[in-house]
Amino acid sequence: MNARTPNAAADVAAHLHSYTNLATHGQVEPLLITRGDGIHVEDEAGRRYIEGMSGLWCASLGFSHPRLVQAGIDALKTLPYYHTFNHRSNPAAAQLAERLLALAPVPMARVFFANSGSEANDSAVKMIWYYFNAIGKPAKKKIIARDRAYHGVTVASASLGGLAANHSDFDLPIDRILRTGSPHHYRDALPGESAEDFATRRADELEQLILNEGPDTVAAFFAEPVMGAGGVIVPPPTYFEKIQAVLRKYDVLLVADEVICGFGRTGEMFGSTTFGVRPDILTCAKSLSSAYVPISAVMVSQQIHEAMAANSGRIGTFGHGYTYSGHPVAAAVALETLKVYEDEGILTRTRELAPRFAQGLATQAERRIVGNMRAVGLIGALELMLDGAARTPFDPALKAGYQVAQYALEEGLIVRAMGDTVALCPPLIITPAEMDEMFARLGRALDRFEKTL
């Protein structure tokens, strides 16, 4: 093992990592990224990588966009901080809220700002409970989320998620959270069940869950248009149409978690537009600022805002918010990010590149060890299997997905393994040539893994 750099030594000695096996940190050397440009990042040793995951699904405009850098500098020079409590605001926050309402996939009334997708979804939960208290339905508080969902890591948002690691020994989930099946047709369909029949069954299961719990107790349903951390699960045709019919029937609010899908990832400004989702509440983060500074947002419908406003009038305040809500620097960078999406035709670019991206994944999916390929816009995944045709999974102890991700890293490509599903979510500024190189590196990583079997 090479001698540790001072930065690596400090990281091992002092840094408590997110989503890391803390017992092995130090045995597994930390990868310290020191700079980034375009779709590439570079580590301390000067090794360059294609960042095939946009960091954590978020650096949509890459790692060195000059307009975003300048927007941050200008904002820091002008107003480095102010809050949004007690009727205070700042121009960037006001303009960003106005712009988001104009871009929303359905009419929305107000925008609340937070700092992460987790905070946005946590805030949405509180707003839902506040809303039903406000309209005199205090029993209508249960919230439904799906298997394999990921909605964040706060107490409430982690409870919404359907991933065991986010619950184990954290004493989660909290009560009032219900679980229904995911839209993962490849994994969860019955033998011979068509995609549309599977969607019908999922909607029927949702309706039965609501009836069993009592419609007067069920408040909301959370859904990512495409499930990201659960394995890039693309909903089958008619799924959201049928799900929404059930929600409307029982007066259950729909929350669209657009933290990953929002701002061009699916080829539309929001994944809700791609899949015909009409939410009552929409949460977004990540690509809102291309991840250059932390910011997230919650958009609420007119109906919800009116009830919340009336209730805060009775109480005397809306007792929720964060020190950094509507932070002027974050809001300024986010506002410039939205302008770049428009000026550089990012949505059109994504739609034009999507077939090439899907074909790149499809080529790798021809391997015996790939059971399923899925993609929409510039997000996709390969689900690895010992025998793809027979749907025979790898022994979990083999950690096939992790091995492929490590081989990819050695080939100069960063991907993400979620179990044995390997995901790609490159910056939306990727060029056709860069995309071809990304898939060439992924192909070499898969070649190396296959040779170990």
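This is a predicted model: local features need pLDDT of at least 70, side-chain atom pairs count only at pLDDT 80 or more; totals for chains, interfaces and linings use all residues.
Residues are numbered from 1 along each chain as its sequence is written, and side-chain values use heavy atoms, with hydrogens and water left out.

Helices (H or I, at least four residues) and strands (E, at least two) are DSSP runs, numbered from the N terminus. Helix α11 takes in residues 302–315, 14 residues in total. From first C-alpha to last, α11 reaches 20 Å, close to the 20 Å expected at 1.5 Å a residue (that is, 1.5 Å times one less than the number of residues). The buried residues in α11 are Ile304, Ala307, Met308, Asn311 and Ser312; buried means under 20% relative accessible area, with a 1.4 Å probe and protein chains only. They cover an arc of only 135° around the axis, so they sit on the same side of α11. The arc is that of the directions from the helix axis to the C-beta atoms. Just after α11 comes Gly316, with a positive phi of about 115°.

Now for the cysteines. With a disulfide taken as a pair of cysteine sulfur atoms within 2.5 Å, the count comes to zero. Cys58 is in no disulfide, as the nearest cysteine sulfur, that of Cys425, is 8.4 Å away. Cys58 is buried, at 13% relative accessibility. For Cys261, the closest cysteine sulfur is also in Cys425, 8.9 Å off and too far for a bond. Cys261 is buried, with a relative accessible area of 1%.

How values were computed:
Buried means under 20% relative accessible area, exposed over 50%, partly exposed in between (1.4 Å probe, protein chains only).
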